[in-house]
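Student: Please pick one part of this structure and take me through it slowly. I would like to see how its residues relate to the elements around them, and then what else deserves a look.

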Amino acid sequence: MKVLGIETSCDETGVALIDDREGLLAHRLYSQTDLHAVYGGVVPELASRDHIRRLLPLVRAVLDEAGVDGRDLDAVAYTGGPGLLGALLTGASVARSLAWGWGVPALAVHHLEGHLLAPFLEDAGLDFPFLALLVSGGHTQLIHARALGDYSLLGESIDDAAGEAFDKTAKLLGLGYPGGPALARLAEQGESGVLRLPRPMLDRPGLDMSFSGLKTAVLTALQKQDWRPEDVARAFEEAVAETLVEKTRRALAQCGAPALVVAGGVAANQTLRAGLRDMAASEGVPVFFPRPEFCTDNGAMIALAGLRRLQAATLRTDELALAAPEIAARARWPLAELTP
Ligand code: KG4
Ligand code: ZN
């Protein structure tokens, strides 16, 4: 079974081809960061226009590299939401049109389900049920994943997502966009414990989190004293990582899941990875991460989610092709609305 995956929810154009037996056959990613960097953030209209420019050449390159003809696919999977509506619609239009032309079904995939399933690309003995910590630019959520499509939200950030907090704090430190990776690099040179920032909401019960106050704490610290930027970056990274690790430990205790999955762009952060590894080891729970390039947005996770959905589908593929003929995308789409 072969599924082409197309991701266009934000500022990365990702295309990948997966096979149920051979795994990932080819994948390409075009990142628009240079395009948006001058504006200090993603400009939605520019993102949509650039997806239009990049998509077909990337699809062609992926199919050529794998030596696969579009008509031999079993489905085209694309990100149906959540994300920037215009960006999503470019992917949905291209995916559905290609699928229609090739005579194969098109499947709308939930972007966060793609992130959650990304560790399955590594084939390392992971299976449902598990607890997932999803940490991206738009979401910070603890999800109990019982089975494919059976997800419940245990806790989330009530304000900024962890990645958003990284990006905003990086801006305060004069680092470019997107700031997360740059802040992480700077933190490596910083000294631990020089500046102490709060661990938001750890003193409160429940699994919700808050990260907007940390950015304000950094701003206040910078106004009061001339801290070395690397020490500030280190203090910030440690505060975020410690908070996420402790909330994840509590979530594991609450839901009793036998495995932990960490996904989304911030899962590429080495300090967070190390903290979660130590915590999971002390709890006796195995932890699974996607490889760093599949932590951030990519087509491979969408192809994989499409493949898993197709394998689980009770509809015949010709019925699936007719199931949702219209081109649609959802800017907002709670993960818990999915069904097995
Ligand atoms: O999952 P993703 O590519 O996009 C969304 O779906 O949001 O995540 C992007 C986020 C950005 O906020 C970026 O700054 C952050 O992930 N990020 C990192 C690192 N790499 C990416 N944050 C901290 N450390 C990193 N190494
Ligand atoms: Zn994402």
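Tutor: Let's begin at Arg 291, which is partly exposed, with a relative accessible area of 30%. Please keep in mind that this is a predicted model. The side chain of Arg 291 meets that of Glu 122 in a salt bridge, at 2.9 Å from N to O. Glu 122 counts as partly exposed because its relative accessibility is 27%. Arg 291 forms a salt bridge with Glu 293 too, where the closest N and O atoms are 3.9 Å apart. At 44% relative accessibility, Glu 293 is likewise partly exposed.

Now follow the chain to the zinc ion (ligand 2). Its coordinating residues are His 111 (NE2), His 115 (NE2) and Asp 297 (OD), at 2.0 to 2.1 Å. The four donor atoms make angles of 95 to 139°, and the site is irregular. Along the sequence, the donor residues follow the spacing H-x3-H-x181-D. Here again distant parts of the chain are linked: His 111 belongs to helix H4 (residues 111-117), whereas Asp 297 is in the loop between strand S10 (287-288) and helix H10 (299-312), 186 residues away. His 111 and Asp 297 are buried, whereas Arg 291 is partly exposed.

For other salt bridges, the search of the whole structure gives 21. One of them pairs Glu 246 with Arg 249, with 2.8 Å between the closest N and O atoms. These two residues are separated by about one helical turn, because they are three residues apart in helix H8. Arg 249 is partly exposed, with a relative accessible area of 30%. Elsewhere, salt bridges link Asp 160, Glu 164, Lys 168 and Lys 215 in a network.

Glu 237 is buried yet has no salt bridge, and the nearest side chain of opposite charge, that of Arg 234, is 5.4 Å away. What Glu 237 does have is a polar contact of 2.8 Å between its side chain and that of Asn 269. Apart from neighbours within four places in sequence, Glu 237 is in contact with Phe 166, Ala 184, Ala 187, Asn 269 and Thr 271.

Ala 184, from helix H6, touches Glu 237 and Asn 269 once neighbours within four places in sequence are left aside. Ala 184 counts as buried because its relative accessible area is 17%. The C-alpha atom of Ala 184 is 26 Å from that of Phe 120, which is 64 residues away along the chain.

Finally, a few backbone details are worth a look. The peptide bond from Tyr 177 to Pro 178 is cis, with omega near -10°, and Pro 178 is in the loop between helix H5 (162-172) and helix H6 (179-188). Another cis peptide bond runs from Gly 81 to Pro 82, with omega near -10°; Pro 82 is placed in the loop between strand S4 (75-81) and helix H3 (85-102). Met 201 is not a glycine, yet has a positive phi of about 65°. You will find Met 201 in the loop between H6 and helix H7 (212-224), and Met 201 is buried, at 13% relative accessible area.

Conventions
Residues numbered from 1 in each chain as written. Chains lettered and ligands numbered in written order. Predicted model: local features only at pLDDT ≥ 70, side-chain atom pairs only at ≥ 80, totals over all residues. Heavy atoms only, no water. Buried < 20%, exposed > 50% of the residue type's maximum accessible area, 1.4 Å probe, protein only. Lys, Arg positive; Asp, Glu negative; His and termini not counted. Salt bridge = Lys/Arg side-chain N within 4 Å of Asp/Glu carboxyl O. Polar contact = N/O pair within 3.5 Å; in protein donor to acceptor, adjacent residues only side chain to side chain. Contact = heavy atoms within 4.5 Å. Donors = N, O, S within 2.8 Å, 3.2 Å for Na, K, Ca; no water. Tetrahedral: all angles 85-135°; square planar, octahedral: opposite > 155°, others 65-115°. Helix = DSSP H or I, 4+ residues; strand = E, 2+ residues; numbered from the N terminus.
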